[in-house]
Amino acid sequence: MLISLDPQDTRPIYVQIVDEVRRALVLGTLGPDDPLPSVRDLAVKLRVNPNTVSQAYRDLERQGMVYVRRGQGTYATPGQADGVERHALADGVAQRALHDARRNGLAVDELIDAIRSHNNKRQKEESQ
Amino acid sequence: MTSPLPTRLRDGDLAVETRGLTKRFGDQIALNDVTLQVPVGAVYLLVGPNGAGKSTTLKVLLDLVRADQGMAEVFGLNSRERAPAVRANVGYVPERPDWGYGWMRVGRLLEHHASYYPSWDADYAARLAQKFELRLDRKMGVLSKGQARRVHLTMALAHRPPLLLLDEPTDGLDPLMRDETLGVLADHLAESQTTVVLSTHHVEEVERLADHIGVLRGGELRAQMSRADLDAGLRRYRVEVPDAWPGVASLNGKVLRRVTAPREVQWTVWGPEAEIVQKLSSAGGTVREVVPLSLLDATLALLNPND
């Protein structure tokens, strides 16, 4: 699992870390019972305040995505990569798309139509 | 009704506290009634233009400069009356690293410095020297600004003091060494119980480390708050408005910036988001976007409101 942060993203850093872990769970790059990096290692790698990493890990634990083995570290909870997290991930993508649509003065239906037609076009291109 | 910018933190244990600090240099006011509050364990970013009083504030904490009025405490110790005890608890990287010792070799200076601090961690000092690529046989006087800065960072960190006062810690460093320094700081914070007060012009570099911010301008502390409060309270609103729009009477917040163009206005406002959106909408505007600001943009808006 790679965790990287987008400098353009203005959401709180701990939220971005939580989202990266959720994505790794859904994609399978973080498997059941796989260890997460230690707070110290991730803080150093991302140049982030270690308290922020701890906050993200506490949030992940509260949401049931990871569990803590005392004195050993933080691990991915098995069976979390299915429905719920996938849904949460899709919800985040939808939120960002809607935000962008609103900024551009587009209605929801226009956005959904545009996504469908763009996807059709792309599938046609790929099948050629 | 407006929401003033906060200048006081909520209750909690403070590592650094000043009350009503005032300092004049001749007819120049360097500090004007500054009440700084740095919670234990915080990474407190002090921002402001040159001459705002950032360096003077740090020096008063160490009793290197004496205030005309007000008081300063570090871990409950009065900076003026207990200066040696305060300094024993502090790792300091000065803005100008040229304070004497020009004739001394870097290695000898580190040994000399170590002898003052019982908590000096020689292994850690050696690791830092390696990370910072210090050349121990060079004399301090011939070092570049960046090289001297790295020596000072090593001296400040290696005794693992409970408080770090870092005045422009990445100034003069090349981009690689800046990045390395941020990693060293993140590692240090994970390993040692440390409170940090840091002043820098490179806000974007420490965006991910800082959890509190103080905004100094003209010797006055204009705002002081936690990042959580800043993130929750400050927003940029982009609004479509009709032709010849009369404007909005009050926004229930403190407007820091307003940029107007035909049929479009952008506000940067400190205040409750829902109420502000509602005010803008009921005044006939279409709110297209509400976004939080990066720390750099927030700093610019707080330092230089144009409304």
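**View 1. Strand E8 of chain B and its parallel neighbours.** Strand E8(B) is joined to strand E9 (residues 195–199) of chain B by 5 bridges, and these two strands run parallel; strands are taken as paired if DSSP finds at least two bridges between them. In E9(B), Leu198(B) is the bridge partner of Leu166(B). From E8(B) the chain crosses through helix H6 (residues 175–191) of chain B to E9(B), a β-α-β crossover that is right-handed, meaning that, with the strands pointing away from the viewer, the path from the first strand over the helix to the second runs clockwise. Strand E7 (residues 90–93) of chain B is also parallel to E8(B), to which 4 bridges join it, and here Val93(B) has Leu166(B) as its bridge partner in E8(B). Helices (H or I, at least four residues) and strands (E, at least two) are DSSP runs numbered from the N terminus. This is a predicted model, in which local features need pLDDT of at least 70 and side-chain atom pairs count only at pLDDT 80 or more, while totals for chains, interfaces and linings use all residues. Residues are numbered from 1 along each chain as its sequence is written, and chains are lettered from A and ligands numbered from 1 in the order in which they are written.

**View 2. The two covered faces of strand E8 of chain B.** Strand E8 (residues 163–167) of chain B is mostly covered, with 5 of its 5 residues buried; a residue is buried if 20 or more other C-beta atoms lie within 10 Å of its own, exposed if 12 or fewer, and partly exposed in between, with C-beta atoms placed from the backbone. Leu163(B), Leu165(B) and Asp167(B) lie on one side of E8(B), Leu164(B) and Leu166(B) lie on the other, and all of them are buried. Of the 307 residues in chain B as a whole, 41% count as buried.

**View 3. Helix H3 of chain A and its buried side.** H3(A) has 13 residues and reaches 18 Å from its first C-alpha to its last, close to the 18 Å expected at 1.5 Å a residue, where the expected span is 1.5 Å times one less than the number of residues. Pro50(A), Thr52(A), Val53(A), Ala56(A), Tyr57(A) and Leu60(A) are buried in this helix. They lie on the same side of H3(A) because they cover an arc of only 160 degrees around the axis, the arc being that of the directions from the helix axis to the C-beta atoms. The buried residues of H3(A) pack against helix H1 (13–27), H2, strand E1 (66–69) and strand E2 (73–76) of chain A, together with H6 of chain B; two residues are in contact if their C-beta atoms, placed from the backbone, lie within 7 Å. Ser54(A), which has its place in helix H3 of chain A, is partly exposed, with 15 other C-beta atoms within 10 Å. The C-alpha atoms of Ser54(A) and Val39(A) are separated by 6.3 Å, although these residues are 15 apart along the chain. Gly64(A), with a positive phi near 80 degrees, follows H3(A).

**View 4. The hairpin of strands E1 and E2 in chain A.** E1(A) and E2(A) run antiparallel and are joined by 4 bridges, with Val66(A) opposite Ala76(A) in E2(A). The two strands form a hairpin with 3 residues between them, and Gly71(A) in the turn has a positive phi of about 75 degrees.

**View 5. The side of chain A that touches chain B.** The contact takes 16 residues from chain A and 17 residues from chain B. On chain A, helix H2 (39–46), helix H3 (50–62) and helix H4 (83–103) each supply at least two residues of the side that touches chain B, and the largest share of that side, 5 residues, comes from H2(A). The residues of this side of chain A divide into 8 nonpolar, 4 polar and 4 charged; Ala, Val, Leu, Ile, Met, Phe, Trp, Tyr, Cys and Pro count as nonpolar, Asp, Glu, Lys and Arg as charged, and the others, Gly among them, as polar.

**View 6. Two loop residues of chain B with positive phi.** Most residues other than glycine have a negative phi. Glu133(B), which is not a glycine, has a positive phi of about 50 degrees; its place is in the loop between helix H4 (122–131) and helix H5 (145–157) of chain B. With 10 C-beta neighbours inside 10 Å, Glu133(B) counts as exposed. Ala244(B), also a residue other than glycine, has a positive phi near 50 degrees and is found in the loop between strand E12 (234–240) and strand E13 (254–261) of chain B. Ala244(B) is exposed, with 6 other C-beta atoms within 10 Å.
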